[in-house]
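Me: Hey, I'm new to this one. Can you walk me through it?

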Amino acid sequence: MQKKLHIKTYGCQMNVYDSARMADSLAPLGYGATPQLDDADMVVINTCHIREKAAEKVFSELGRLRKIKNARMEEHGRDMVIVVAGCVAQAEGEEIARRAPWVDVIVGPQAYQNLPALIGKIDPSSRQAVVDTEFPVADKFDLLPTNESPRGAAAFLSVQEGCDKFCSFCVVPYTRGAEFSRPADSIIAEARRLIKGGAVELTLLGQNVNAWHGEGLDGRVWDFGRLLFALAELSGLKRLRYTTSHPLDMHEALYQAHAEIPQLMPYLHLPVQSGSDRILKAMNRRHSRDDYLRIIDRLRDVRPDLALSGDFIVGFPNESDGDFADTLNLIARVDYASAYSFKYSPRPGTPAANHDGQIDEAVKSARLTSLQQLISAQQQKFNHSKLGAVMDVLVERPASKAGQKAGRSPWMQAVHFHAASGEIGDIIPLKIVGAHQNSLAGCVAS
Ligand code: SAH
Ligand code: SF4
Ligand code: F3S
């Protein structure tokens with residue numbers, strides 16, 4: 001009988017990618033995916049440690065899982081294996097083992113290739129989790145089985161992992177380890193498999209994806225721009241995106257890629273975090289506000305229809321009203337199509353958590369609200385600017401509303417349209433007839 005696997009994913013797209021590859025690696029053990037938590041024989045929670053709320057969620061989730069595990073054992077005499085993966089497993093593995101002894105396996109992001117073996121080591125008579133939070137030198141990507149399961153029309157592909165930047169607020173360098181770039185041949189082989197499985201759009205992933213510098217097809221070290229040019233050669237690949245990039249790693253070949261590669265979509269997520277030089281310095285971002293604005297100008301110069309998105313942190317230690325005003329006026333100057341924003345959350349083990357001048361929660365909340373008002377007005381304006389335009393839309397899935405399908409514009413906007421308009425994986429021209437805060441409505445262009 002096939003066993004059922006339920007994976008719950010928190011955090012960034014890299015976790016989404018890792019979850020899919022963990023599912024692939026468990027298939028040979030007889031596990032098939034179920035959306036139903038209650039009848040799962042194994043539950044994997046793939047966790048995120050980036051902010052306090054995200055990490056705390058894990059423990060409440062584990063409390064809930066314990067009840068389900070016990071009830072299943074009592075009612076059906078069948079166990080439910082609980083696996084905690086991801087960045088909380090990496091950062092707080094021991095704490096999880098101590099506070100939640102009903103967890104069977106704790107596995108960090110660098111050790112997923114060991115998951116089937118770890119499951120084999122579970123001893124039901126012991127109340128001790130099997131733990132692997134090592135940072136092995138081996139390339140986890142090549143040791144995980146090749147992914148054969150179709151990933152849909154738009155697929156993720158991790159090309160780089162880890163981070164050496166050590167922004168003073170961030171846990172990622174500790175949870176994901178040092179920067180590692182996959183060699184180009186392994187990336188291209190995986191891209192081919194994804195395309196064969198039906199993907200027409202690939203989003204290359206990395207904590208600092210544009211810092212990628214891996215072995216090229218000619219044996220020399222390539223930069224990220226060069227990798228994009230190589231991927232653009234693949235037949236059947238119609239759209240290319242990448243995320244997340246860091247301003248310090250913008251380089252010549254990457255500007256050139258934006259200027260010359262037609263498949264590279266005109267949308268870029270380029271976080272800046274703050275518009276104040278003083279705060280950028282305290283954050284250890286190692287670039288100034290002007291450096292960032294110059295990068296944006298140059299990108300818009302080579303790709304005038306480029307839409308931008310970013311990440312912002314409000315209430316970093318010692319952020320004054322003046323610093324915050326600088327962030328607002330940077331946002332006004334850049335004019336984003338969308339952005340993510342967060343209240344600063346002090347994270348254990350990061351330098352900023354110990355800084356004097358922690359900001360009051362009420363001040364953080366007020367700043368977040370005014371920043372989000374500005375971003376949301378910009379997003380609305382951007383969406384409205386597309387009214388009446390005809391644009392290519394990638395058909396991705398049936399929409400939640402009956403009789404409709406959903407897809408993406410070149411600028412990452414969700415577009416809804418009549419279900420008969422195209423098949424999944426098609427790129428169709430649609431006329432935009434409605435613009436909302438978070439989506440567009442399209443109809444077949446006549
Ligand atoms: N590598 C990416 C971002 C990774 S984390 C980059 O350098 O931009 C995603 C976002 O979470 C960050 O851009 C930041 O805005 C936010 N973030 C990270 N640590 C945080 C913290 N301690 N408190 C609040 N937000 C945080
Ligand atoms: Fe975190 Fe900074 Fe690295 Fe991004 S660049 S992952 S924010 S340390
Ligand atoms: Fe979260 Fe880890 Fe991604 S901390 S944002 S899941 S790299």
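Me: What share of the contacts in the protein chain with a separation of 6 or more comes from residues 24 or more positions apart?
Reply: They account for 72% of those contacts. Keep in mind that this is a predicted model.

Me: OK, and how many helices and strands are there?
Reply: The protein chain has 13 helices and 19 strands. Its radius of gyration is 23 Å, close to the 22 Å from the globule rule for 446 residues, so the chain is as compact as a globular protein of that length.

Me: What about buried residues, what percentage of the chain are they?
Reply: Buried residues make up 54% of the 446.

Me: Which residues touch the most other members in the largest nonpolar core?
Reply: Leu204, Phe224, Leu228 and Tyr336 do, in a core of 52 residues. Leaving out residues up to four places away in sequence, Leu204 touches, among others, Leu157, Val159, Phe224, Leu240 and Tyr242. Another core lies apart from that one, with 21 residues, including Val43, Leu65, Val103 and Ala129.

Me: Switching to ligands: which residues are around ligand 3?
Reply: You'll find Cys12, Asn15, Thr47, Cys48, His49, Ile50, Cys87, Arg176 and Gln207 there. That shell splits into 4 nonpolar, 4 polar and 1 charged.

Me: And how does the shell around ligand 2 divide?
Reply: Into 7 nonpolar, 2 polar and 2 charged residues. Among them are Cys163, Cys167, Cys170, Phe166, Phe169, Lys165 and Arg285.

Notes. Residues numbered from 1 in each chain as written. Chains lettered and ligands numbered in written order. Predicted model: local features only at pLDDT ≥ 70, side-chain atom pairs only at ≥ 80, totals over all residues. Heavy atoms only, no water. Core = buried A, V, L, I, M, F, W, Y, C linked by side-chain atoms within 4.5 Å. Buried < 20%, exposed > 50% of the residue type's maximum accessible area, 1.4 Å probe, protein only. Contact = heavy atoms within 4.5 Å. Near = heavy atom within 4 Å. Nonpolar A, V, L, I, M, F, W, Y, C, P; charged D, E, K, R; others polar. Helix = DSSP H or I, 4+ residues; strand = E, 2+ residues; numbered from the N terminus. Rg over C-alpha atoms; globule rule 2.2 N^0.38 Å.
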